[in-house]
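Subject: Handing over the two-chain model

Dear colleague,

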Amino acid sequence: MATKKLRRAKLSQELCERLSRYQITTCQDFLCLSLLELMKVTGESYRNVQKLLRKVSLACAPKMQTAYEMKVRRSINPSAAFLPTSLHSLDKVLHGGIPCGSLTELTSPPGCGKTQFCITMSVLATLPVSMGGLDGAVIYIDTESAFSAERLIEIAGNRFPTYFDSDEKLFCMTRSIHLYRELTCDSVLKRIKSLEEEIISKKIKLIIIDSVASVVRKEFDTKLQGNLAERSNFLARGASLLKYVAEEFSIPELRDHSCQRKKLFFRHKISRGQTNFSYLDESDYHIVEQWPRDPSRPSVSSS
Amino acid sequence: MQRDVGSLPLSPALRARLLAAGFQTAQELLETGPCGLSKEIGISREEALEALQVVRQECAGDAAKTAGGSGSTRKCTALELLEEEQTQGFIITFCSALDNILGGGVQLTKITEICGAPGVGKTQLCMQLAVDVQIPECFGGVAGEAVFIDTEGSFMVDRAADIATACVRHCQLIAEAHQEEDHLQALETFSLESILSHIYYFRCRDYIELLAQVYLLPDFLSEHSKVRLVVIDGIAFPFRHDFEDLSLRTRLLNGLAQQLIIIANDHKSAVVLTNQMTTRFGQNQSMLVPALGESWGHAATVRLIFHWDNTQRLATLYKSPSQKESTIPYNITVSIPLGMEIQRWEQSFGSTEIVRGRQT
């Protein structure tokens, strides 16, 4: 929306030409200027500039919906609201499962089973809706090379032996899981940017990133100057892209973090017996809305 | 009338021409008339007429200001302000401790900022306020509507529906206890559907959409004159990444703050913003401070900081012009435990009655 060209904002042709002489071609350029600057570049009076501002804003602003309309839309299609994890107590705490249309983050010390969980979720997403799945394909972005196709088939065969009774069904399932190995932050970001088209062409219903922390940890050493800001920048950009994709296509997205046993000085919630929090710090967490922190304790955001 | 031509809000090119032609005061322009003006400066008659209309309006506005009239100036005595503040309602938060430290609840015509770490309950409070602003007047509410601008995508409709259901149930219990005519009448229109239909939701994906929406907000509020609450959930999120030019960010944020203050005053609504926390590195320790920098701290009138103390959530009133700085514990419940809450509600209901001196 920000990069929308001004001529699509219904401004007159001559005004657009005049503005392009000052390098103002998109709505973003227009809205970032102050009123006096706008008067100078458009050559209009104060009142007219305010009218122009409203016109351009109308072209960029989001559409209004009431909360009631949102509720009605969700209730029309209740099965599409969650992806059950097939772990009953977890599903109960999450009020149904992993919510579609938002980001969910999974974090734990190494060896707890995050990658196994992700592989299981991939199988579940390919199951038909009648069995609690999403009947669609999966995009699995693997940064640690931890994905094992043999393990995938083992899980599928053992969890759902009646459904995957033939090799044909197993291969069909594996064909719908698209694996991408990305080893740098840049390539992860590029992959996320290309998701929109993939989702439409391959009918994707679940996106998994395993794991975010490993690429970030490899490239950004927070002891060096300026790295913290760059790292937050990368994470925030990735997160907002993922959120946009999740909401637009109503897909659940799962992000993995592996964490270290380091006691970080800005973490104030480490307690024994619970999972230690991951490498990323407080400010990075604002990006994610829901995370099943400790299944035995009801998570705040699920209620 | 003696206003200098250079200070009139005309387009720069026109102003330059007028000054070059030798016009100095607005009075001269008005005396010349549109035809004379168009001949002298070399502009069309329509343009001249438009310019004169602008000049006339400005002068009328100036005259009103000097004569001490109302309108664009907001002049009144402190006594009038006191009376206004006493009759003004608060938006309660359904947590009596929080309402107490705020002095009754979230105030109208003021900007309140809620800062906190993720997961501490900022969005929950915003959803609660969006429901509570709609409580009918006979139950002690302001009977308004709510605008919810979401930049982070954390608004969950189901949770809002739960909160609304609990609120309706409360009002029903109050009505049963008191058995009054206006209570029962108000309850007829206060239902889950009506509450949800009066929460106007906007999802802004980046800072440009947010800016655009705030520019359009005055028009929206004029159309929906019953709106008494504007929530911007996540003012920091769109501004914290992808901004190389920090001075542009400061300028945009300040402009945003100015517009929100004007909206809060003109439309008599409360503006609630949520902010993130960032880490500030000191000498050999670090602390969490609200994001967006020091200059943003001046934008909000009232600042609440939510934080954790082991497993207990605490709310601190960090900045307020009228209340004492204090910290209280609070909880986020799935639904309000009925018996306890009725008592607390009646207490706060009763106390606001005393303050406002209304008859029940």
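What follows is a walk through the domains, the sheet, the helix contacts and a few backbone details.

Please bear in mind throughout that this is a predicted model.

To begin with the overall division, chain A is split into domain 1, covering residues 6-60, and domain 2, covering residues 77-258, and the C-alpha centres of these two domains of chain A lie 42 Å apart. Chain B is likewise divided into domain 1 (5-63) and domain 2 (88-341), where the C-alpha centres of domain 1 of chain B and domain 2 of chain B are separated by 46 Å.

The next feature to look for is an open sheet of nine strands with mixed pairing, whose order is 1(A)-5(B)-4(B)-6(B)-7(B)-3(B)-10(B)-11(B)-12(B). At its edges are strand 1 (65-66) of chain A and strand 12 (327-330) of chain B, each of which pairs on one side only. Within this sheet, strand 3 (residues 111-116) of chain B runs parallel to strand 10 (residues 302-309) of chain B, and five bridges join them; in this region B:Gly116 stands opposite B:Phe306 of strand 10 of chain B. Helix 6 (residues 122-132) of chain B packs on the sheet and touches several of its strands, including strand 3, strand 4 (145-150) and strand 5 (199-203) of chain B, while the direction of helix 6 makes about 165° with that of strand 7 (270-275) of chain B. As background, the strands of a sheet pair through backbone hydrogen bonds, in either a parallel or an antiparallel way.

For an antiparallel example, you can turn to strand 8 (residues 277-281) of chain B and strand 9 (residues 286-290) of chain B, which pair over five bridges. The two strands are joined by a hairpin of four residues, and B:Thr278 has B:Val289, in strand 9 of chain B, as its bridge partner.

In chain A, helix 12 (residues 212-219) and helix 13 (residues 227-249) pack at an angle of about 150°, with their axes 11 Å apart. Since an angle over 145 degrees counts as roughly antiparallel, helix 12 of chain A and helix 13 of chain A are therefore described in that way, and their crossing is right-handed. Among the residues making this contact are A:Val212 and A:Val216 of helix 12 of chain A, together with A:Phe234 and A:Leu235 of helix 13 of chain A.

In chain B, helix 10 (residues 207-223) and helix 11 (residues 246-266) pack at about 20°, with their axes 11 Å apart. Helix 10 of chain B and helix 11 of chain B are therefore roughly parallel to each other, and they cross in a left-handed manner. The residues that meet here include B:Leu210, B:Val214 and B:Leu221 from helix 10 of chain B, and B:Leu252, B:Leu256 and B:Ile263 from helix 11 of chain B.

The contact is made by A:Ala67, A:Met70, A:Lys71 and A:Arg74 on the side of helix 5 of chain A, and by B:Val157, B:Asp158 and B:Ala161 on the side of helix 7 of chain B.

A:Asp210 and A:Ser211 are joined by a cis peptide bond with an omega of about -10°, and A:Ser211 is found in the loop between strand 7 (204-210) and helix 12 of chain A. A:Gln23, although not a glycine, has a positive phi near 65°, and this residue is found in the loop between helix 1 (13-21) and helix 2 (27-31) of chain A.

Notes. Residues numbered from 1 in each chain as written. Chains lettered and ligands numbered in written order. Predicted model: local features only at pLDDT ≥ 70, side-chain atom pairs only at ≥ 80, totals over all residues. Heavy atoms only, no water. Domains from an automatic or database assignment. Pairing = 2+ DSSP bridges. Contact = heavy atoms within 4.5 Å. Axes fitted to C-alpha atoms, helices over the stretch in contact; angles between N-to-C directions. Parallel < 35°, antiparallel > 145°, perpendicular 65-115°, else oblique. Left-handed = near helix turned anticlockwise from the far one by under 90°.
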